[in-house]
Amino acid sequence: MCVCAAITIERCLITPRNVVEHQMFKICSMLGVPPEDMVRRSRKARRTFFDRGTEPDKPYVLRPCPSLTSFVPRTLSEVIGVNTGGPGGARKGQAGHSKWDYLMFLQLVEACLTFDAIARVTPYEALHMGFFRTSADAI
């Protein structure tokens, strides 16, 4: 799905040249912190990326990354450009690039990138989502 999103918005969702910590920050800014049980199952992820302080009842939070001082968190909606006509407004006003089109694309990407594999959309379900319809009236 990241490849589909990259082709559509003409840039990577998660820049491959960044180190692993930077990728985790980008993923969490766009999709939120992974579910509690997923973080708990991965000792390496807990040790490297997440913290809950001394209180075991608190949810995990992303640890600060000292090497990432200039990073500005952006939501997936901002990266895709839902409210701007594509990334940086590059497609604003063009056919097939309305706010509705970007909302349908956002819905598709979010469904495909859901952390929980059971809740994640199947390819069949994805093909029947609004993004693949021809207009807002098709829904």
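Let me start with Arg52, which lies over the face of Tyr60, at 3.9 Å from the ring centre, and please keep in mind throughout that what we are looking at is a predicted model. Arg52 is also buried, with a relative accessible area of 18%, because anything under 20% is counted that way.

What does Arg52 form with Glu36? The two make a salt bridge, in which the closest N and O atoms are 1.7 Å apart in the model. If you follow the chain, you will see that this pair links distant parts of it, since Arg52 sits in the loop between strand 1 (50-51) and strand 2 (61-62), while Glu36 belongs to helix 3, 16 residues apart from it. As a general point, side chains of opposite charge can pair when their charged atoms come close.

Glu36, which is partly exposed at 28% relative accessibility, has another partner, for its side chain also meets that of Arg40 in a salt bridge of 3.9 Å, N to O. Here both residues lie in helix 3 (residues 36-41), four residues apart, or about one turn of the helix. Arg40 is partly exposed as well, with a relative accessible area of 46%.

Asp37 is partly exposed at 35% relative accessibility, whereas Arg41, at 63%, counts as exposed. Taking the salt bridges that share partners, we find Glu36, Arg40 and Arg52 joined into one network, and the count of salt bridges comes to three.

Let me turn now to the nonpolar side chains. The largest nonpolar core has 15 residues, and those with the most contacts inside it are Leu76, Ile80, Leu108 and Val121. Helix 5 (76-80) and helix 6 (99-112) each supply at least two residues of this core, and the largest share, seven residues, comes from helix 6.

Helix 6 deserves a moment of its own. It has 14 residues and reaches 20 Å from its first C-alpha to its last, close to the 20 Å expected at 1.5 Å a residue. Its buried residues include Asp101, Tyr102, Phe105 and Leu108. As for Val121, if we leave aside residues up to four places away in sequence, Val121 touches Ala111, Cys112, Ala126 and Met129.

Finally, the aromatic rings, where the count comes to three pairs. How are the rings of Phe105 and Phe131 arranged? Their centres are 5.1 Å apart and their planes stand at 50°, so the pair is tilted. This pair, too, links distant parts of the chain, with Phe105 in helix 6 and Phe131 in the segment after helix 7 (123-127), 26 residues apart. Phe105 counts as buried at 1% relative accessibility, whereas Phe131 is partly exposed, with a relative accessible area of 26%. Phe131 also pairs with Phe132, in an edge-to-face arrangement of 5.2 Å centre to centre and 80° between the planes. Phe132 is partly exposed, with a relative accessible area of 43%, and together Phe105, Phe131 and Phe132 form one aromatic cluster.

Conventions:
Residues numbered from 1 in each chain as written. Predicted model: local features only at pLDDT ≥ 70, side-chain atom pairs only at ≥ 80, totals over all residues. Heavy atoms only, no water. Core = buried A, V, L, I, M, F, W, Y, C linked by side-chain atoms within 4.5 Å. Buried < 20%, exposed > 50% of the residue type's maximum accessible area, 1.4 Å probe, protein only. Contact = heavy atoms within 4.5 Å. Expected span 1.5 Å × (residues − 1). Salt bridge = Lys/Arg side-chain N within 4 Å of Asp/Glu carboxyl O. Phe/Tyr/Trp six-rings, centres within 6.5 Å; stacked < 30°, edge-to-face > 60°. Lys NZ or Arg CZ within 6 Å of the ring centre and 35° of its normal.
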